[in-house]
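Here is a short briefing for a first look. Keep the view open and follow the topics in turn.

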Amino acid sequence: MNELINDLLRREADAISTIPVNEGYEAAVEILYERIHQQHGKLVTSGMGKAGQIALNIATTFSSTGTPSIFLHPSEAQHGDLGVLQPNDVLLLISNSGKTREILELIDLAENLYPNLPLIVITSNEESHLALTADVVLPTGNPKELCPLGLTPSTSTTVMTVIGDILVNLMMRRIEFSSEEYAKRHHGGYLGHKSRRLAKGMERLAKEKS
């Protein structure tokens, strides 16, 4: 059993280490910075199924680190929730296959409401219509799933999560996000306490230097 677990861990780690790194990351950060931090838009993430859960996680992490973001369910978008979109927003869509019907329909709906919203896509299929439509494509590397059937989203969702984490970290550095700003957005729990303590420490150091 331990040998199997170690093999599974190795395969997950290998998938992460072979995520393709391209110029799309820098382009995505600049789009987010311009539209959200200069033009006061927001990031709108979306995905179906497991990819949707990753998109939700990315949205909440961005919001807690200074970049306003929400998750839009692609099916609910067809029943009125599309109205959350605004002219300066950015769409971040996740689809492993690049063929998810609801995501492709969401692009058409968004385009009809506000033409030319920037589109960032996380996918394993760089030749898909979704990828070819995007302004920025962040490929997953199309790793094989850990699932013994090769079906259940597992390794693919791991790399999607990591790509989201990279974007968040790059954005935090781009806006020079501080522990003080983090504390304003995350008041409760251990992280809220820790961020306030760090902010007070930084404030004390600044006073000592002055």
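Helices α3 and α7 pack at an angle of about 15°, and their axes lie 10 Å apart. Angles under 35 degrees count as roughly parallel, so α3 and α7 are roughly parallel to each other. The model is a predicted one.

**The α3–α7 pair**
- The crossing of α3 past α7 is right-handed.
- From α3, the contact is made by K50, A51, I54, N57, I58, T61 and F62.
- From α7, T157, M160, T161, G164, L167, V168 and M171 take part.

**Helix α7**
- Helix α7 covers residues 155–174, 20 residues in total.
- From first C-alpha to last, α7 reaches 29 Å, close to the 28 Å expected at 1.5 Å a residue.
- Buried residues of α7 include T155, S156, V159, V162 and I163.
- M160, G164, L167, V168 and M171 are also among the buried residues of α7.
- The cover over the buried residues of α7 includes helices α1 (2–17), α2 (24–38) and α3 (49–64).
- Strands β3 (90–94), β4 (119–123) and β5 (136–139) are also part of that cover.
- E176 follows α7 and has a positive phi, near 55°.

**S69 in strand β2**
- S69 sits in strand β2, residues 69–71.
- Its relative accessible area is 10%, so S69 is buried.
- Leaving out residues up to four places away in sequence, S69 touches L43, T45, A59, F62 and S63.
- The side chain of S69 reaches the backbone oxygen of L43 at 3.1 Å.
- S69 and T45 are 24 residues apart along the chain, with their C-alpha atoms separated by 7.4 Å.

Key:
Residues numbered from 1 in each chain as written. Predicted model: local features only at pLDDT ≥ 70, side-chain atom pairs only at ≥ 80, totals over all residues. Heavy atoms only, no water. Helix = DSSP H or I, 4+ residues; strand = E, 2+ residues; numbered from the N terminus. Buried < 20%, exposed > 50% of the residue type's maximum accessible area, 1.4 Å probe, protein only. Contact = heavy atoms within 4.5 Å. Polar contact = N/O pair within 3.5 Å; in protein donor to acceptor, adjacent residues only side chain to side chain. Expected span 1.5 Å × (residues − 1). Axes fitted to C-alpha atoms, helices over the stretch in contact; angles between N-to-C directions. Parallel < 35°, antiparallel > 145°, perpendicular 65-115°, else oblique. Left-handed = near helix turned anticlockwise from the far one by under 90°.
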